[in-house]
Amino acid sequence: MTTQIAHLYATLCLAGIFFQIALIAGAPLGAVAPGGQAPGALSAQARLMAVLYIPLLGFMALAVVSAAGFPGLGWPRWTGWAALAAQALIAVLHFLSRAPAERRFWGPLAAVMSAMALVAMTA
């Protein structure tokens, strides 16, 4: 069960990566993007943040999957705890945002992902 939760967590991270790629490519999703306040495509500065978010999501996905025992990764266990801490911080920041879409969608999603990472780390 733990491995399945870790895989689902990684799948949600991958979906987040694809969303960030869409934002970078200029998709008019600014109103629903994390931190997005204006409709339409993101500004150049916001696109840069999306570029920086991609490796973070990839690291968190691989760290949690490795902690769940996926063969072949063998990352140190502390990386999973670091991913959990980062995910929890992201959830808090989403809930503290001024953007309504971020508080209503990204906050709960990040909280669920935090719980999934916690399950993977404590099993």
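Which helix supplies the largest share of the lining of the second largest pocket? The structure examined here is a predicted model.

The largest pocket holds about 500 Å³ of space. Its lining is made up of 22 residues, and Pro34, Gly35, Met49, His94 and Glu102 are those that lie nearest the centre. Three helices, α1 (2-24), α2 (44-67) and α3 (77-96), each contribute at least two residues to this lining. Helix α2 provides the largest share, with six residues. In terms of residue class, the lining of the largest pocket comprises 15 nonpolar residues, six polar residues and one charged residue.

Helices α1, α2, α3 and α4 (100-122) are each represented in the lining by at least two residues. The opening question is answered by α4, from which five residues of the lining come, the largest share. Twelve of the lining residues of the second largest pocket are nonpolar and four are polar, while none is charged.

On the surface, a nonpolar patch is formed by Leu48, Met49, Val51 and Leu52. Together, these four residues present about 390 Å² of accessible area. Met49 also belongs to the residues that lie nearest the centre of the largest pocket. Val51, another member of the patch, is located in helix α2. The relative accessible area of Val51 is 40%, so this residue is classed as partly exposed, a class that lies between the limits of 20% and 50%.

The C-alpha atom of Val119 lies 9.6 Å from that of Met1, although 118 residues separate the two along the chain.

Two residues of the loop between α1 and α2 were considered next. Gly36 is placed in this loop and is buried, because its relative accessible area is 8% and the limit for a buried residue is under 20%. Between Gly36 and Pro100, the C-alpha to C-alpha distance is 9.6 Å, with a sequence separation of 64 residues. Gln37 likewise occupies the loop between α1 and α2. Gln37 counts as exposed, since its relative accessibility is 56% and exposure requires a value over 50%. The C-alpha atoms of Gln37 and Glu102 are 9.4 Å apart, and the two residues stand 65 residues from one another along the chain. Glu102 is also one of the residues nearest the centre of the largest pocket.

A further pair involves the loop between α2 and α3, where Ala68 is found. With a relative accessibility of 17%, Ala68 counts as buried. Ala68 and Met121 are 53 residues apart in sequence, and their C-alpha atoms are separated by 7.0 Å.

Conventions
Residues numbered from 1 in each chain as written. Predicted model: local features only at pLDDT ≥ 70, side-chain atom pairs only at ≥ 80, totals over all residues. Heavy atoms only, no water. 1 Å grid on protein atoms, 1.4 Å probe; cavity = no way out; pocket = protein on both sides within 12 Å on 5 of 7 lines; lining within 4 Å. Points joined across faces, edges and corners; volume = space filled by probe spheres on them. Helix = DSSP H or I, 4+ residues; strand = E, 2+ residues; numbered from the N terminus. Nonpolar A, V, L, I, M, F, W, Y, C, P; charged D, E, K, R; others polar. Patch = residues over 30% accessible without salt bridge, like charges linked within 9 Å, V, L, I, M, F, W, Y side chains within 5 Å. Areas by Shrake-Rupley, 256 points an atom, 1.4 Å probe, with all protein chains shown as cover. Salt bridge = Lys/Arg side-chain N within 4 Å of Asp/Glu carboxyl O. Buried < 20%, exposed > 50% of the residue type's maximum accessible area, 1.4 Å probe, protein only.
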